[in-house]
Amino acid sequence: MRSLWFFVAALFITWQLSSAKFDEFDDGDDIVEYDDNDFAEFEDIIEDPATESPQRIVTAEDDEEEATVELEGQDESLDFEDADGQEGDRESEPYDDEEFEGYEEKPDSSPGKSEDLIKIVDVPAHLQNSWESYYMEILMVTGLLAYIMNYIIGKNKNNRLAQAWFNTHRELLESNFALVGDDGTNKEATSTGKLNQENEHIYNLWCSGRVCCEGMLIQLKFLKRQDLLNVLARMMRPACDQVQIKVTMNDEDMDTYVFAVGTRKALVRLQKEMQDLSEFCSDKPKTGAKYGLPESLAILSEMGEVTEGMMDTKMIHFLTHYADKIESVHFSDQFSGPKLMQEEGQPLKLPETKKTLLFTFNVPGSGNTSQKDMEALLPLMNMVIYSIDKAKKFRLNREGKQKADKNRARVEENFLKLTHVQRQEAAQSRREEKKRAEKERIMNEEDPEKQRRLEEAALRREQKKLEKKQMKMKQIKVKAM
């Protein structure tokens, strides 16, 4: 009985001690006043998740897989939320900077994080929308615009130069020719009084209706100023505009001779290219110092008599005063144009010839031609008119005429010798073609009897030809004996 009372008293004392302890929590006293061992078990539970499992970083891939991300061990800490309320209040207070001096935050080197980071790559230059991506197109458009502008400017300049030349020479031409500017579109010759434009850099003018000549063709050959590539080429190799004049004489109004005067370089080129100069003037160009010509000019002549007759005082005056503008002056009764190239084959007949006067004048300015330069060519047109009258008046003496005829006979004989083999080959081919046609006619004949008669007639003709050849051979042998 006594032990029972002791047991009840011990339970009562224990209950009183426990109730007093919980009353202290209710009063809001600080939990730090109690011994640390009282909450050692709870501290271990709270500290483990903070040290072992750091907060997980949310990435774009995790966000697609999970709607929300929670800290590990969060469910366990909720059980002790009420017990750590006051401790949480202390942790929410701002930290003291002095407590964390020398502390550096270590970057997370986990492999999952480095792989999940988004890398921004620079866009290649050729895929970017910038002016540098279209430099080829810009260059092409710029070049096209430059070509169009140069075409318009060059074409207009050539047109202005041609009109300046025509306005200066029109009065002189109309006073010497009945028809000036026929374009050839009408059946009857009509004077249009204007230049005929062949293309952007060539202008033609046809004049006729004058004594001792059939007509005169004037050709203005300008530089290709409308072509940008030609303009760039002329920067490396300068050139000049030219005026070429071709006068076709009547057969009875010009004697038989070939004569040329001009720059040495031009005469050497013409002697190689022109058929008449290469055949009748085989000697090298001679200097004209004997007649008072400048050193830049040389002479090609078929015979000395022609040179003496053509180089009179007025002609020498034109050649000396305008030597810088004269390229060549070519008089010929055997003019047939340039030589035939070897690729074209040797002609079987002599080319048709015309009595012609040719003039080539260089426009001053070396490509930078002005309208005044075109007007300065007027005295050279007076030289052309004088040369027409001079060619009509000049006549060879008896010895000169015989020499000229011998030269033409020699040229014709040499031509026949060169073409003899070709003419034989052409005749043989014609005979073979005739035999082939006859055989085809016989083979195509359906009647056998008629076909046989045709074959016999062909054999008889062959035999007659052989007999004639044999008779000729016998006659030659008899004459030789």
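Me: Hi! Of the contacts in this chain with a separation of 6 or more, what share comes from residues 24 or more positions apart?
Reply: Hi! In this predicted model, residues 24 or more positions apart account for 69% of those contacts.

Me: Okay, and how many helices and strands does the chain have?
Reply: The chain has 16 helices and 10 strands.

Me: What percentage of the residues count as buried?
Reply: The chain has 481 residues, and 30% of them count as buried.

Me: Is their crossing left-handed or right-handed?
Reply: The crossing of α7 and α14 is right-handed.

Me: Which residues make the contact?
Reply: From α7 you have Trp-165, Thr-168, His-169, Leu-172, Leu-173 and Asn-176. On the α14 side they are Leu-378, Met-381, Asn-382 and Ile-385.

Me: And how do they divide into nonpolar, polar and charged?
Reply: The contact of α7 with α14 has 6 nonpolar residues, 4 polar ones and no charged ones.

Me: What about α12 and α14, how are they packed?
Reply: Helix α12, residues 313-321, packs with α14 at an angle of about 150°, and the axes are 11 Å apart. Angles over 145 degrees count as roughly antiparallel, so that is how α12 and α14 run relative to each other.

Me: Left-handed or right-handed, this crossing?
Reply: α12 passes α14 in a left-handed crossing.

Me: Who's touching whom there?
Reply: α12 brings Lys-314, Met-315, Phe-318 and Leu-319. α14 brings Pro-379, Asn-382, Met-383, Tyr-386 and Ser-387. By class, the contact of α12 with α14 has 6 nonpolar, 2 polar and 1 charged residues.

Me: New topic: what's the average pLDDT of the chain?
Reply: The chain averages a pLDDT of 77, and 71% of the residues score at least 70.

Me: Where does pLDDT stay under 50?
Reply: Residues 24-36 are one such stretch, and the model has 13 contacts beyond four places in sequence for it. Residues 38-90 are another, with 26 contacts beyond four places in sequence.

Me: How should I read the coordinates where pLDDT is low?
Reply: Where pLDDT is low, the predicted coordinates should not be read in detail.

Terms used
Residues are numbered from 1 along each chain as its sequence is written. This is a predicted model: local features need pLDDT of at least 70, side-chain atom pairs count only at pLDDT 80 or more; totals for chains, interfaces and linings use all residues. Side-chain values use heavy atoms; hydrogens and water are left out. A crossing is left-handed if the near helix is turned anticlockwise from the far one by less than a right angle, and right-handed if clockwise. Helices (H or I, at least four residues) and strands (E, at least two) are DSSP runs, numbered from the N terminus. Contact means heavy atoms within 4.5 Å. Ala, Val, Leu, Ile, Met, Phe, Trp, Tyr, Cys and Pro count as nonpolar, Asp, Glu, Lys and Arg as charged, and the others, Gly among them, as polar. pLDDT is the predictor's confidence in each residue, from 0 to 100. Buried means under 20% relative accessible area, exposed over 50%, partly exposed in between (1.4 Å probe, protein chains only). Axes are lines fitted to C-alpha atoms, for helices over the stretch in contact, and angles run from 0 to 180 degrees between N-to-C directions. Angles under 35 degrees count as roughly parallel, over 145 as roughly antiparallel, 65 to 115 as roughly perpendicular and the rest as oblique.
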